[in-house]
Amino acid sequence: MELDGRVVVVTGGTRGVGAGIARSFLAAGADVIVCARRPPDQEVAADGRKATFTPVDLRDPAAVHTFFDTVAHRHGRLDCLVNNAGGTPYRLLGEGEAQRHARVVELNLLAPMTASLTAYPWLRQSRGSVVMIGSVSGTRPSPGTAAYGAAKAGLENLARSMAVEWAPDVRVNSLVLGMVRTELAHLHYGDETGLAAVGATVPLGRLAEPADVGEAAVFLASDRAAYISGASLLVHGGGERPAFLDAATVNKEN
């Protein structure tokens with residue numbers, strides 16, 4: 001398999017998108033370490049292989065340093081860091097104090113920066129890569145999740161700057177995600193009727209599955225992407241149909 005012998009860390013890899021990413025790397029032959037504050041409800045596994053779980057709070061720099069030192073010494077190398085951990089509750093700007101919004105920025109921007117900086121010496125040794133998990137929320141208005149959108153916009157710019165500063169030793173790229181069907185999707189889109197209705201707004205006709213994201217992450221980490229750095233790969237099923245097309249009273253499709 002194309003990533004045999006490679007060592008990959010997936011932050012927030014215990015459920016949802018992160019677990020999908022971890023499973024794709026396992027299927028590609030990599031040794032995978034997933035981390036989160038709490039252990040997974042069930043082991044993350046694929047093709048008879050299991051990811052190793054280590055608890056860590058990515059907002060604690062000392063704990064992050066200990067985590068990556070342990071990974072590197074246990075496995076002897078680190079080839080890819082996937083900065084997936086993140087997320088946000090729905091909260092309008094006026095409904096929370098600045099400090100609460102700042103915690104969203106801390107998790108979605110500062111924590112990936114801390115993890116990347118800490119992992120850098122090991123990634124440089126292996127001429128490895130970083131994959132940032134971004135969001136279309138960072139490229140368009142994000143009402144109800146404004147701090148999250150701002151953090152994801154910053155994350156994409158951070159990745160591009162890292163790609164320049166760390167070249168040629170470490171490649172850095174972003175996956176810019178649209179809507180993904182996970183076990184928590186109902187919190188954002190509602191019941192099955194809501195999920196189907198939202199999926200119908202996507203040009204490809206459905207929400208992404210975690211495996212769709214995982215396959216894209218494996219590609220960016222693999223030798224097939226050896227000349228790709230500083231890139232933002234859109235994983236959004238074609239994006240969103242512009243609202244004005246449906247609102248207009250002319251040029252309607254039959």
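What follows is a short walk from one selection to the next.

Keep in mind that this is a predicted model, where local features need pLDDT of at least 70, side-chain atom pairs count only at pLDDT 80 or more, and totals for chains, interfaces and linings use all residues. Residues are numbered from 1 along each chain as its sequence is written, and side-chain values use heavy atoms, with hydrogens and water left out.

**Stop 1: helix H6**

Select residues 192-199, which make up helix H6. Helices (H or I, at least four residues) and strands (E, at least two) are DSSP runs, numbered from the N terminus. Which residues of H6 are buried? Colour Gly194, Leu195, Val198 and Gly199, because those are the ones; buried means under 20% relative accessible area, exposed over 50%, and partly exposed in between (1.4 Å probe, protein chains only). Now look down the axis of H6: the buried residues fall within an arc of 130 degrees, so they line one face of the helix. That arc is taken from the directions from the helix axis to the C-beta atoms. On the other side of H6 you'll find Glu192, Thr193 and Ala196, which are exposed.

Then zoom to the start of H6, where a side-chain oxygen of Asp191 reaches to within 3.1 Å of the backbone nitrogen of Thr193.

**Stop 2: strand E6**

Next, pick Asn83, in strand E6 (residues 80-83). Asn83 is buried, with a relative accessible area of 3%. Its side chain makes a polar contact with the side chain of Ser116, at 2.9 Å. A polar contact is a pair of N or O atoms within 3.5 Å; within protein, one must be able to donate a hydrogen and the other to accept it, and residues adjacent in sequence count only if both atoms are side-chain atoms. Leaving aside residues up to four places away in sequence, Asn83 touches several others, among them Thr11, Pro112, Val130 and Met132.

**Stop 3: the cysteines**

How many disulfides does the structure hold? Zero, with a disulfide being a pair of cysteine sulfur atoms within 2.5 Å. Show Cys35 and Cys80: the sulfur of Cys35 is 13 Å from the closest cysteine sulfur, in Cys80, so it is too far for a bond. Cys35 is buried at 0% relative accessibility, and Cys80 is buried too, with a relative accessible area of 2%.

**Stop 4: aromatic rings**

A search of the whole structure finds two aromatic pairs. Rings of Phe, Tyr and Trp (its six-membered ring) pair if their centres lie within 6.5 Å; planes under 30 degrees apart count as stacked, over 60 as edge-to-face and the rest as tilted.

**Stop 5**

Go to Ala167 and Pro168, which are joined by a cis peptide bond with omega about 5 degrees. Pro168 sits in the loop between helix H4 (146-165) and strand E8 (171-177).

Now find Asp47, in the loop between strand E3 (45-46) and strand E4 (49-50). Asp47 has a positive phi of about 55 degrees although it is not a glycine, and it is exposed, with a relative accessible area of 62%.

Finish at Arg127, in the loop between helix H3 (98-126) and strand E7 (129-135). Arg127 is not a glycine, yet it has a positive phi of about 50 degrees. Arg127 is exposed, with a relative accessible area of 51%.

How values were computed: Contact means heavy atoms within 4.5 Å.
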